[in-house]
Amino acid sequence: MKTIKYFSLVLFAAIFLVSCAKDGDLITTDGGGEVALNGNTADIVLDYNRINDLALTLHWTDNGELTLSNPLVAAPDGATTNILQLSGDENFESVYEILKDKGIYYHQFTVYELNAVINQLGFADGVASRLYIRIKSLLGANMPERYSSIMTIKVTPYKIDKTLGYILDSSKQETGVMLASVESDGVYSGFVGAGGWYNFFLKEGDGVIWGNDGVTGMPFALSSESTQWNFWYPGQSGCYYTIVDTKAKEWSALFIEKLTLGGDLTGDMEYDRKKNRWFYTFDADQSGNFSITIKGTGKQYDVQTGTDDALAVSREVAFGEEGGKIVFGTVSNAISINFPSKGQMTLFLDLANPKEWICGIETGGGEVEEVPQKLFISGIDDGISGNWTFDRYLTLYDKDNRAYSGVINVKSLWGYRFYLAHNEWNPYYTMAVGGTAEKGTLVMNGEGNIAAPSEGVYLLDVSMEKLTYTTTAVSAVSYTGFNDNWALTDMSETETPGVYVATVNITAATPWGFQIVLNKDWNQLFGCGDGVLVYKRNKGNPSVDLTAGTYTLTVDLCAGTYSIK
């Protein structure tokens, strides 16, 4: 098995040979102290149902301080580099290595992480095997490697399913969306309902996470290294047939623009992004078995096209039926459908399960639920306005999670509530038991109000799908992206709550637009375009066409606007 390395050797000049006050004097060291490795040595049986539990803790003695032959010469701090090694054989011929930061003398594995490591070492699923662990210490090229004593544990891994790849959000949390690799060969495919510029990562069953190549920055190029960025879809929202090929280290996104029914039923289908399914509602004149076709058009995005719509390649797409299963390609084979009765019916094409797509019939309509664009707040500023009004609201930024955000100047006397419609006091949403002013769960028509934070300017983020809320005090505001420079530059607070200003010197092109970042936290950013701030839009910001010169950037967080003059 190929040795897996996660580190680069660090050369320490003047450790082994150092010139002293008198030419020819040598300063020597016998290296760092001996390392004693400790941890739990009891047998470990890993359980897939407890993947987030702690499986193993290792700790070792500090060997970072060196003793030199000349006591008047100080050794550099933390000169020793420690590498945790794990192997399936006592000679460490095949090894998994983890570089530890200087000054860190412990490591913990969750069940999931330890199982992923020993899977890469070739351990058999469900079989107790010996795992050998030691610490390798390095000083430099001219110093011999040192090793701790070897620690041995019996570990039983669970079976890793590599037939599925898991879509993670930008914070690397699971979304419930999956791609399938039927051959378990590292090539994952399936349909994803994505918003414009939606960004994600892909996690394999062995724990390896894939993202965009962060070195070249080329869209649709894969990397599993620590330099990776998140993947991102093009600007259109809708249905994407997605292929992530970890062997070729490329991925692609085929945007399905349109699907049309033919045969015994004709019409254009609609797409429900949240449910990841296409549907068509109609009135059936009679029951019985019918034959339909499903064809459409798409645009292919890959490493050759990037996310440029003008370069995307037009494709013909089709669904058909083979061996009783729905298949996807370019040729539309007939699909047999049974209408159970007369009346209103909905034909649906469900693409949520990447291992089994379903085409079927259900009674009634299949309309996509309308999601309000605003979530109104009453009581959050009654210390300013003097009343509970519907003047303050959050704006929808994630339709799938019915997620709303906004910056509010808070001065609340009694707490506050959320409302789905303007001037409609019922239903309302308030705080469930256990909630605080910072975060909590919402309940419809509950008792009391949501606890308000102290007076000040806050970012509110609410998911009506998950019924959760968070409030974050705005303590700093920065801009980034001008002159294609993505360092954060602080803005100055004004006397008006939520309004910040900065002087911007334009010296070069700003092809990717600019962003506003709160609290120096890249998860709290606003994209900018047409004078409007859009929460969490980190791609697709329009370019800034300004001649060279000095400008004043003014940002009004509470109004969600900006200006450059």
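**Entry 1: cysteines.** I began with Cys 359, which is buried at a relative accessible area of 15%. Cys 528 is buried too, at 1% relative accessibility. My classes are buried under 20% relative accessible area, exposed over 50% and partly exposed in between, with a 1.4 Å probe and protein chains only. I then looked for disulfides, meaning pairs of cysteine sulfur atoms within 2.5 Å, and the structure holds zero of them.

A note to myself on the ground rules: this is a predicted model, where local features need pLDDT of at least 70 and side-chain atom pairs count only at pLDDT 80 or more, while totals for chains, interfaces and linings use all residues. Residues are numbered from 1 along each chain as its sequence is written, and side-chain values use heavy atoms, with hydrogens and water left out.

**Entry 2: around Ile 326.** Which residues does Ile 326 touch, not counting those up to four places away in sequence? I found Phe 319, Gly 320, Ile 335, Leu 349, Trp 357, Ile 358 and Cys 359, with contact taken as heavy atoms within 4.5 Å. So Cys 359 from my first entry turns up again here. Ile 326 lies in strand E24, residues 325–329. Helices (H or I, at least four residues) and strands (E, at least two) are DSSP runs, numbered from the N terminus. Ile 326 is buried, with a relative accessible area of 11%. I also checked Leu 351, which is 25 residues from Ile 326 in sequence and 9.8 Å from it in space, C-alpha to C-alpha.

**Entry 3: helix H1.** Is helix H1 enclosed or open to the outside? Seven of its 10 residues (111–120) are buried, so the rest of the structure largely encloses H1. I listed the buried ones as Val 111, Tyr 112, Leu 114, Asn 115, Ala 116, Val 117 and Ile 118. Just after H1, Gly 122 takes a positive phi of about 90°.

Entry 4: Strand E10 (residues 164–168) and strand E11 (residues 174–180) pair in the antiparallel sense over four bridges. I count two strands as paired if DSSP finds at least two bridges between them. Gly 165 stands opposite Leu 179 in E11. E10 and E11 form a hairpin with five residues between them, and Lys 172 in the turn has a positive phi of about 65°.

**Entry 5: salt bridges.** How many salt bridges does the whole structure have? My search found 11, each one a side-chain nitrogen of Lys or Arg within 4 Å of a carboxyl oxygen of Asp or Glu. I looked up a few of them:

- Asp 53 and Arg 50 meet through their side chains at 2.7 Å, N to O. Asp 53 is partly exposed, with a relative accessible area of 30%.
- Arg 273 and Asp 400 form a salt bridge at 3.1 Å, N to O. This pair links distant parts of the chain, 127 residues apart: Arg 273 is in the loop between strand E20 (270–272) and strand E21 (277–284), and Asp 400 in the loop between strand E29 (392–398) and strand E30 (403–410).
- Lys 274 forms a salt bridge with Glu 465, their closest N and O atoms being 2.6 Å apart. Here, too, distant parts of the chain are linked, 191 residues apart: Lys 274 is in the loop between E20 and E21, and Glu 465 in the loop between strand E34 (456–463) and strand E35 (468–473). Lys 274 is partly exposed at 43% relative accessible area, and Glu 465 is partly exposed at 34%. Salt bridges with shared partners join Lys 274, Arg 402 and Glu 465 into one network.

Entry 6: Most residues other than glycine have a negative phi, and most peptide bonds are trans. I noted these:

- A cis peptide bond joins Asn 426 and Pro 427, with omega about 5°. Pro 427 lies in the loop between strand E31 (417–419) and strand E32 (428–431).
- Asp 484 has a positive phi, near 60°. Asp 484 sits in the loop between strand E36 (477–480) and strand E37 (489–490), and is partly exposed at 37% relative accessible area.
- Lys 520 has a positive phi, near 55°. Lys 520 lies in the loop between E40 and strand E41 (525–529), and is partly exposed at 44% relative accessible area.
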